[in-house]
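Biologist: I am new to this structure and would like to go through it step by step. Please show it to me before we start.

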Amino acid sequence: MRVVIAEDNVLLSSGLELLLGSQGFEVAAIADDAPGFLAAVETHRPDVTIVDVRLPPTFRDEGIRAALRARRDRPGLPVLVLSQYVEQEYAGRLLSDTRGGIGYLLKDRVSRIAEFTEALRRVAAGGTAMDPEVIAQLLAVRGDPVEALTPREREVLALMAEGHDNATIAQRLFVTDNAVHKHIGSVFLKLGLSAGDSGHRRVRAVLAYLRRHGGAGGTGL
């Protein structure tokens with residue numbers, strides 16, 4: 001699986017290269033700025049990309065802008081964003097493009113090797129990988145009817161947004177599959193979503209709701 005990385009921190013990019021190489025990934029290129037990233041994507045046609053939100057020269061939003069442009073040029077290009085902080089506006093922009101795999105993880109997640117590589121593979125396969133802290137902060141500003149969710153329902157929603165199926169959610173929360181099914185039904189009912197969606201479509205529906213009801217930024221560049 002070929003990966004292109006956009007990261008200006010040499011220590012982190014080198015660490016990612018070593019980590020991914022040991023896990024069976026091929027790092028085709030590492031770019032330290034947006035133009036270099038776009039050129040690398042065009043040249044290497046990666047299966048998945050890893051992009052830092054903030055890149056030179058201003059260290060504001062060059063990375064996310066480059067990722068969105070790359071997805072416009074190559075619809076469905078899988079993008080896993082790494083950020084040191086929860087950037088709510090940038091998370092909203094990323095979620096606005098529903099084509100292909102998307103992910104948003106905090107950088108400390110990289111140290112959890114199994115979780116990180118699992119998330120990267122899920123994004124490469126067209127799935128979703130959202131950091132629990134990102135989801136928690138998105139939920140915190142959404143207001144009703146999300147506020148009507150119970151603490152357990154919020155936990156279930158966060159795990160759904162990460163891309164986990166019912167069985168995995170049950171294992172993570174130490175409850176039965178039937179209990180998870182009931183919690184999800186309640187979440188859908190309170191959020192006004194169709195319970196007919198499943199898998200990745202279900203996750204997309206939840207994230208789309210969060211985006212619509214939170215005033216997150218659009219896709220304008």
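Modeller: A term is needed before the questions: a residue counts as buried when its relative accessible area is under 20%, and as exposed when that area is over 50%. The model shown is predicted.

Biologist: Is Asp52 buried or exposed?

Modeller: Asp52 lies in strand E3, which covers residues 48–52. Its relative accessible area is 7%. The cut-off for burial is under 20%, so Asp52 is buried.

Biologist: Which UniProt annotation covers Asp52?

Modeller: Asp52 touches Ala6, Glu7, Asp8, Gly63, Ile64, Leu82, Ser83 and Lys107, leaving aside residues up to four places away in sequence. The annotation itself comes from an unreviewed UniProt entry. For Asp52 that entry gives "modified residue: 4-aspartylphosphate".

Biologist: Which residue has its backbone nitrogen 3.2 Å from a polar atom of the Asp131 side chain?

Modeller: Asp131 sits in the loop between strand E6 (128–130) and helix H6 (132–140). With a relative accessibility of 1%, Asp131 counts as buried. Not counting residues up to four places away in sequence, Asp131 touches Tyr104, Leu105, Leu106 and Arg109. The backbone nitrogen at 3.2 Å is that of Leu106.

Biologist: How far apart are the end C-alpha atoms of helix H7?

Modeller: Helix H7 covers residues 151–162, which makes 12 residues. At 1.5 Å a residue, H7 should span 16 Å. The distance between its end C-alpha atoms agrees with that, at 17 Å.

Biologist: Which residue with a positive phi follows H7?

Modeller: The buried residues of H7 include Glu153, Val156 and Glu162. After H7 comes a residue whose phi is positive, near 110°, and that residue is Gly163.

Biologist: Within what arc do the buried residues of H8 fall, seen down its axis?

Modeller: In helix H8, residues 166–173, the buried residues are Ile169, Ala170 and Leu173. They line one face of the helix, because seen down the axis of H8 they fall within an arc of 100°.

Biologist: What is the phi of Phe174?

Modeller: Phe174 follows H8. Its phi is positive, near 60°.

Biologist: What percentage of the residues of the protein count as buried?

Modeller: The protein has 10 helices and six strands. It exposes about 9800 Å², of which carbon and sulfur atoms supply 51%. Of its 221 residues, the buried share is 49%.

Conventions. Residues are numbered from 1 along each chain as its sequence is written. This is a predicted model: local features need pLDDT of at least 70, side-chain atom pairs count only at pLDDT 80 or more; totals for chains, interfaces and linings use all residues. Side-chain values use heavy atoms; hydrogens and water are left out. Helices (H or I, at least four residues) and strands (E, at least two) are DSSP runs, numbered from the N terminus. Buried means under 20% relative accessible area, exposed over 50%, partly exposed in between (1.4 Å probe, protein chains only). A polar contact is a pair of N or O atoms within 3.5 Å; within protein, one must be able to donate a hydrogen and the other to accept it, and residues adjacent in sequence count only if both atoms are side-chain atoms. Contact means heavy atoms within 4.5 Å. Accessible areas come from the Shrake-Rupley method with a 1.4 Å probe; for residues, only the protein chains shown count as cover. The arc is that of the directions from the helix axis to the C-beta atoms. The expected span of a helix is 1.5 Å times one less than its number of residues. UniProt positions are given in the numbering used here, feature names are shortened, and annotations may be inferred rather than shown by experiment.
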